[in-house]
Amino acid sequence: MTGIILYQSKYGASKKYAQWIAEETGYEMLETKKADIEKVKKYDVIIIGGGVYASSIAGIAFLKKNIDSLSEKKVIVYCCGAAPYDEEVLKTIKNKNLKDKLADIPCFYFQGMWDLEGMNFTDRAMCKMYVKMLEHKDPAEMKAWEKPFFEAKGKKCDWTKKSYLTPLLELINKGEE
Ligand SMILES: Cc1cc2nc3c(=O)[nH]c(=O)nc-3n(C[C@H](O)[C@H](O)[C@H](O)COP(=O)(O)O)c2cc1C
């Protein structure tokens, strides 16, 4: 089986996971914004990954636009957010990004990175506002996945881990047996 990994990464986490998947599978990697559907549809397996921004997966528009051309393909989505894995978080992301024709596409969530000082001006302003809002929240009412945003504050955090990829790689291998 042939495969391609499309990724859209602003701060590096989705790209790092794409590189790890490429290492394990030998698949080609390409930035989603440079992808051409005529090329992509020649592969058997198409993996699309991107960072999570306000619950939206970066680059998912490519899949929405081209889903009809990929109906016979094995399509897998992964996304990276700063929050640790949580079923509720993944459900919210799926509901927002994978609706209608995309609803049955497997979607994996991997924890990414967080670096307030390394963000561009707009992102930093938005994230600082979010952290401020959390500071006013009663810690007892804070959800498990909100805590890292609050605790990270100005620190540079990298929560990426290659082992998170195991279920995704198993799913690819299932198709190859
Ligand atoms: C403006 C903005 C919004 C974000 N929204 C979320 C979010 O809704 N959920 C989450 O878990 N992480 C959120 N993050 C954190 C990013 O998902 C995290 O930094 C991730 O590593 C981004 O992927 P990338 O490194 O591939 O760009 C946000 C970050 C920024 C800058």
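Biologist: Where is Ser55 found?

Modeller: Ser55 is found in the loop between β3 and β4. Please bear in mind that this is a predicted model.

Biologist: What is the phi of Ser55?

Modeller: The phi of Ser55 is positive, at about 70°, although the residue is not a glycine. In general, most residues other than glycine have a negative phi.

Biologist: How accessible is Ser55?

Modeller: Ser55 counts as partly exposed, because its relative accessibility is 26%. A polar backbone atom of Ser55 is also 3.1 Å from an oxygen atom of the ligand.

Biologist: And Ala54, what is its phi near?

Modeller: Phi of Ala54 is near 50°, which is again a positive value in a residue other than glycine. Ala54 has its place in the loop between β3 and β4, with β4 spanning 56-57.

Biologist: Is Ala54 buried or exposed?

Modeller: Ala54 is exposed, since its relative accessible area is 60% and the cut-off for exposed is over 50%.

Biologist: Which residues come nearest to the ligand?

Modeller: There are 24 residues around the ligand, and those that come nearest are Ser9, Ser14, Val52, Tyr53 and Met113.

Biologist: How far is a backbone N or O atom of Met113 from an oxygen atom of the ligand?

Modeller: The distance is 2.5 Å for Met113. A polar backbone atom of Ala13 is 2.9 Å from an oxygen atom of the ligand.

Biologist: How much of the ligand's accessible area does the protein cover?

Modeller: On its own the ligand has 640 Å² of accessible area, and the protein covers 91% of that.

Biologist: Back to strand β3 for a moment. Is Ile47 buried or exposed?

Modeller: Ile47, which lies in strand β3, is buried, because its relative accessible area is 0%. From C-alpha to C-alpha, Ile47 and Gly12 are 17 Å apart in space, and they are separated by 35 residues in sequence.

Biologist: Where is Gln111 found?

Modeller: Gln111 is found in strand β6, which covers residues 107-111.

Biologist: Why does Gln111 count as buried?

Modeller: Gln111 counts as buried because its relative accessibility is 9%, and the cut-off for buried is under 20%. A polar atom of the Gln111 side chain lies 2.9 Å from the backbone oxygen of Ala82.

Biologist: Last topic, the cysteines. How many disulfides does the structure hold?

Modeller: The structure holds zero disulfides. For Cys107, the nearest cysteine sulfur is that of Cys79, at 4.3 Å, and Cys107 is in no disulfide. The cut-off for a disulfide is a pair of cysteine sulfur atoms within 2.5 Å.

Biologist: Is Cys107 buried or exposed?

Modeller: Cys107 counts as buried, because its relative accessibility is 8%.

Biologist: And Cys127, which cysteine sulfur is nearest?

Modeller: For Cys127 the nearest cysteine sulfur is that of Cys157, 12 Å away, and Cys127 is in no disulfide. Cys127 is buried, with a relative accessible area of 18%.

Key:
Residues are numbered from 1 along each chain as its sequence is written. This is a predicted model: local features need pLDDT of at least 70, side-chain atom pairs count only at pLDDT 80 or more; totals for chains, interfaces and linings use all residues. Side-chain values use heavy atoms; hydrogens and water are left out. Buried means under 20% relative accessible area, exposed over 50%, partly exposed in between (1.4 Å probe, protein chains only). A residue is near a molecule or strand if one of its heavy atoms lies within 4 Å of it. A polar contact is a pair of N or O atoms within 3.5 Å; within protein, one must be able to donate a hydrogen and the other to accept it, and residues adjacent in sequence count only if both atoms are side-chain atoms. Accessible areas come from the Shrake-Rupley method with a 1.4 Å probe; for residues, only the protein chains shown count as cover. Helices (H or I, at least four residues) and strands (E, at least two) are DSSP runs, numbered from the N terminus.
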